[in-house]
Amino acid sequence: MYNIERLSDDIKIAVSSEHTFGTDAVILSHFAGIKPRDKALDMGTGCGIIPLLWLRNKKINNVSALDIQQNAFEQLNYSIKLNGIEDRITPYLCDLRECDKAFKAEEFSLVTMNPPYKPIGTGIESLGESARIARHEVCCNIEDAAKAASYLLKYGGRFCMCHRPERLVDTLTVMRQYKIEPKRLRFVQDRQGEQPFLFLVQGQKGAKPFLRVEPQLIIKKENGKFTQEMLDIYGSYADGYDK
């Protein structure tokens, strides 16, 4: 039913054809910089890769994850039971557009989301329902995510997400609209000299304007192998990787 992948000696993840993960989610999990004192929520969690990567750190114990899809919720529950971490992470079957039904306002200090990248009507939509929801803005768009994060975050709380560079202006505009001030921005390139294919942004609820653009993240060296920074980001998931 599921394939099991090792994230560390202590944490494994169940993946399936409907809910798997890519480099984007791994990078976002690291970029978010979760701290032991954070109460964190990952929205649209899918297989749960972002929170499960966090939980490789035994000091992280107050994590929640939500998804609108029943099969994603069941898959994450499988991973939770597999790892015996029921006391460290709570999954929710929830539409983030109705997050007020599951959560109190200003409950979290960190909210993350790896959102669907494609607007409805673009790209190939002849996919299975799970893939269509994950890739296209069927059940949520950038504004839905920012609105939910604004409701969920405490004053000074952080919202981290990633998206395609062509949606950068949309993302920064809507974050500011919902009182989440963009504070950190980082572009991601496959190789040195190539155009970015992804950006990472962190906003802070109620903060004053000041945006720091961080150095680009380069994924691969000229020989096609991961850079040292990418190996550091993957951490124990990259154990045994040939540099």
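Glu106 is partly exposed, with a relative accessible area of 44%, where buried means under 20%, exposed over 50% and partly exposed in between (1.4 Å probe, protein chains only). The model is predicted, so local features need pLDDT of at least 70 and side-chain atom pairs count only at pLDDT 80 or more, whereas totals for chains, interfaces and linings use all residues. Residues are numbered from 1 along each chain as its sequence is written, and side-chain values use heavy atoms, with hydrogens and water left out.

Glu106 belongs to the loop between strand S5 (89-93) and strand S6 (108-113), helices (H or I, at least four residues) and strands (E, at least two) being DSSP runs numbered from the N terminus. Most residues other than glycine have a negative phi. The table sets out two residues that depart from this pattern.

| Residue | Phi | Relative accessibility |
|---|---|---|
| Glu106 | about 55° | 44% |
| Lys179 | near 65° | 60% |

Lys179 is found in the loop between helix H6 (168-177) and strand S8 (180-191), and it counts as exposed.

In strand S3 (residues 40-43), Ala40 and Asp42 point one way while Leu41 and Met43 point the other way, and all are buried. Strand S3 runs parallel to strand S4 (residues 63-67), to which four bridges join it, and two strands pair if DSSP finds at least two bridges between them. Val63 is the bridge partner of Ala40 in S4.

Aromatic pairs are rings of Phe, Tyr and Trp (its six-membered ring) whose centres lie within 6.5 Å, with planes under 30 degrees apart counted as stacked, over 60 as edge-to-face and the rest as tilted; by this rule there are six of them. Phe21 and Tyr237 make a tilted pair, at 5.8 Å centre to centre and with 55° between the planes. Because Phe21 lies in the loop between strand S2 (12-15) and helix H1 (23-31) and Tyr237 in the segment after helix H7 (228-234), the pair ties together parts that are 216 residues apart in sequence. Phe21 is buried, at 18% relative accessible area, whereas Tyr237 is partly exposed, at 25%. Phe21 and Tyr237 also belong to one aromatic cluster with Phe226 and Tyr234.

A charge sits over a ring if NZ of Lys or CZ of Arg is within 6 Å of the ring centre and within 35 degrees of the ring normal. Arg184 lies in this way over the face of Phe31, at 3.9 Å from the ring centre, and Lys39 over the face of Phe108, at 5.4 Å.
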